[in-house]
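This report describes pockets and a domain interface. The sequence and the structure are shown first.

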Amino acid sequence: MQLKEVLDKYPQSEDYLIEILMDYQKHKMHHDLTEDELKTIATHLNIKESKVSSVVTFYSLFSLKPKGQHVIQVCHDVPCHVNNQPDVLSTLKTMLAIDIGQTTDDKMFTLEYTSCLGACDKAPAMRIGEKTFTKLTPNKIKAIIAEYRGRKHA
Amino acid sequence: MPEHKMLTKRIGDINPLSIKDAMEKGSYKQFKKALSMERIDIIDEIEKANLRGRGGAGFPMHIKLMSTAKQEATPKYIVCNADEGEPGNFKDRYLMEKDPHMILEGMLIAAYAVGASRGFFYIRGEYDQAISIMKWAIEEAKEKGLLGKNINDSGFDFEMEVRTGAGSYVVGEEFAMIESIEGKSGRTRVKPPFPTDEGVFGMPTLLNNVETYCNLPFIVEMGGNNYKKIGTPTSTGTKLISLSGNITNPGVYEVPFGTTIREVIDTLGGGVPSDRKIKMVQLGGACGPIIPEFMLDMQIDYERFEEFESKTGAGAIIVMDDRQDLFEVLLRIVKFFEHESCGRCTPCREGHVHLEKLLRKFFKHDGTPNELYSLESLARVIHQSSLCGLGQSSPISIISTLGYFRNEFHDRMAFDGGEES
Ligand SMILES: Cc1cc2nc3c(=O)[nH]c(=O)nc-3n(C[C@H](O)[C@H](O)[C@H](O)COP(=O)(O)O)c2cc1C
Ligand code: SF4
Ligand code: FES
C-alpha cells in the first residue's frame, strides 16, 4: 500500500500519528520506516520531523531498520518461561541459524523477543506478523516455519 | 468457594461478531435503563456498590465519575484502558474477544453519567484479534444507533474509536496513555492535575480498565446495594483472575472477592501438573509480590494486597513449581522493566540495569553479603523514589523474595553459607 493511501484513511490531525505509522509499517515488506517516509508524514500532519522520529524510537513495534519478511517475536516473560520457552527459542535459533535480533540471509525471517502476548494460558507463545501461535513445542515450530518457508512471497 | 459468573456468564454462549445476538441476550438493556435515570443517581448506585478499579490500583470508581461529572469544561472524554501489558494478565483480552458489547455498554453508561461525548478505546498493538473485534463491534453499534448523535432519542451524543498502542508497557499508566492518545511518546506526567481535571487534549477525562466498565451494566441492573452483597465488605463484586504458569487448567476464572488463592489454584486450576509441588506464586503480574506455598490461604482482596506495598490487583496468579529457579525468574522480571522503563527518572532508568547486574551474581552462585545489602537497598530506593507506578512496583518481586526466600540468596553466595554483615 502506498503511503498516500494510508494517510488518506485518517483525519489530518497529529493525534493519529501512531495509528498511521502502525498501519503503514504493517504493509511494508520489510516492516521498516525510512527517513523520507517520516518526513512525508510530518509534513502531512504539519508537525516537526523530530517529533515523528522521537515517537518512532519510543515505541518498540516501530523500526527504522529493514527486517525479514516475517518477524518472529518470541515471548520471554515468566509464564512462558516456566512452560518450556527456552526449548522453543533454541529450536527457532537452530532452524533459522540466527540469534535474537538477527535476520536470515534470505531476508525471510527476523527473530526477536516480545513482552507477554497475553496468551499465558496457552504458553509458550510467539507471534509472526499479526498471528499469535500458542502451546508451542519444537515439532509445532518446525511445522510453522516450514509452512512460512513454503509460501515464500505470501 | 466456587466461581461466581457474572461478567463471564454468557461467554461462550454469545457470538462476539453479532450485535444482534448480543442484544437478544440482553446487551444495551441496562444502558437504556440508565438513559432514563438521573446522572447523579447512576453515580450514586456505583458508590453504593463500592466498585473499585480492576486495572491495578483499585481506586474507587465513583470518585472519578463524580469529579468528571462536575467539571464544567467540555468536551469531556472517556478512555478504556485495554493496554494489558503486564506479564501474566490476559483477562481483558478475553473480555474483548468474547463479549465486546458488554464493555461498550459499560462505557456508554459511564459516558452518559459524566456527560462525555467521545470515547477512546486504547488497545495494545500486539492484540491484533481484539483490535479487529472491537472495531467491528463499534461499527455494529453505530449502525444500531447506539453510538452517534441523539442516541435513543435521549439527546445524548457519543462517539467512540479504537486507538492502538505500538509496543510500550508504560503506556498502560494513565497519563502515559493520554500522551499516547494525543499521538506522542508515552511518558507520564507529574500529578496533579489528574485526568478528571485535565486529561486528553487538556479536557476532563474518565479513564478506567476494561473489566471495571464491564461491571456497570450489572450495577445498573441489580442496584448498588445488591451488588455489594457479592464479595467482602471492603472488596465488593467479582474479580477476573488470569491463572497461568505450572498449572493443570490455566485460564480466566471469575471469583467473588474473598476467595483464597489456594482455592483458585487447586479447585479451579486443578493444581500443579505431574503432582509436583508449588515453590512460589507471583500475584498481580510482573510487578507483584512472589509468595511461598504456605501463604496461599490469603484472600483475594484489595486490603490484603496493600500489605505487600503493592497496589496491584489486576488479578494475575502465576504458579511456579519446584523445578523453577528463583533467580532466573527474578532476572526475567528485572529485564522486562529495564526494557520498558520510559527513562524519565533516574532511579528507574539506571536502577534496573544495576539490579540486573546484582541478580546475575546470585544467579551464578557468586553473590556476596555486600551485594545482598546493595540489592536490598537499591530495590527500596527504586520502589520509593520512582515517579510512576512502573518503578514504584517493579522491585516488589525482589523485596518480597528477600523476605520469603532469603535463604536462597544465602545459598547463592560465593562462599557457602556466607553470613550477612
Ligand atoms: C506501568 C503501568 C502500567 C499500567 N498498565 C495498565 C494496563 O495495562 N491496564 C490498566 O487497566 N491499567 C494499567 N495501569 C493502571 C492505570 O494507570 C490506571 O490506574 C487504571 O487504568 C485505572 O483504571 P481502573 O481504576 O479502572 O483500574 C498501569 C499502571 C502503571 C503504572
Ligand atoms: S518510574 Fe520508570 S517508567 Fe515511570 S516515569 Fe520513571 S523512568 Fe519512566
Ligand atoms: S508470558 Fe508469554 S504470553 Fe504471557
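How many residues line the largest pocket, and which of them lie nearest its centre? The lining comprises 48 residues, with Gly55(B), Gly56(B), Ala57(B), Glu173(B) and Glu174(B) nearest the centre. The model is predicted, so that local features need pLDDT of at least 70 and side-chain atom pairs count only at pLDDT 80 or more, whereas totals for chains, interfaces and linings use all residues. Residues are numbered from 1 along each chain as its sequence is written, chains are lettered from A and ligands numbered from 1 in the order in which they are written, and side-chain values use heavy atoms, with hydrogens and water left out.

A pocket is an open set of points on a 1 Å grid over the protein atoms alone, where a 1.4 Å probe fits and protein lies on both sides within 12 Å along at least five of seven lines; lining residues have an atom within 4 Å of a point.

Helices (H or I, at least four residues) and strands (E, at least two) are DSSP runs numbered from the N terminus. In chain B, α4 (61–69), α5 (91–98), β4 (205–209) and α17 (389–393) each supply at least two residues of the lining of the largest pocket.

The second largest pocket is lined by 31 residues, and Ser60(A), Gln73(A), Glu112(A), Tyr113(A) and His339(B) are the closest to its centre. At least two lining residues each come from β2 (109–114) of chain A and α14 (326–340) of chain B. The largest share, five residues, belongs to α14(B).

Chain B is assigned domain 1 (19–227), domain 2 (238–315) and domain 3 (326–411), with bounds from an automatic or database domain assignment. The C-alpha centres of domain 1 and domain 3 of chain B are 35 Å apart. Between these two domains of chain B, about 850 Å² is buried, 72% of it from carbon and sulfur atoms; buried area is the accessible area (1.4 Å probe) that two parts lose on being put together, summed over both. Tyr169(B), Val170(B) and Thr188(B) supply 55% of the area that domain 1 of chain B buries against domain 3 of chain B.
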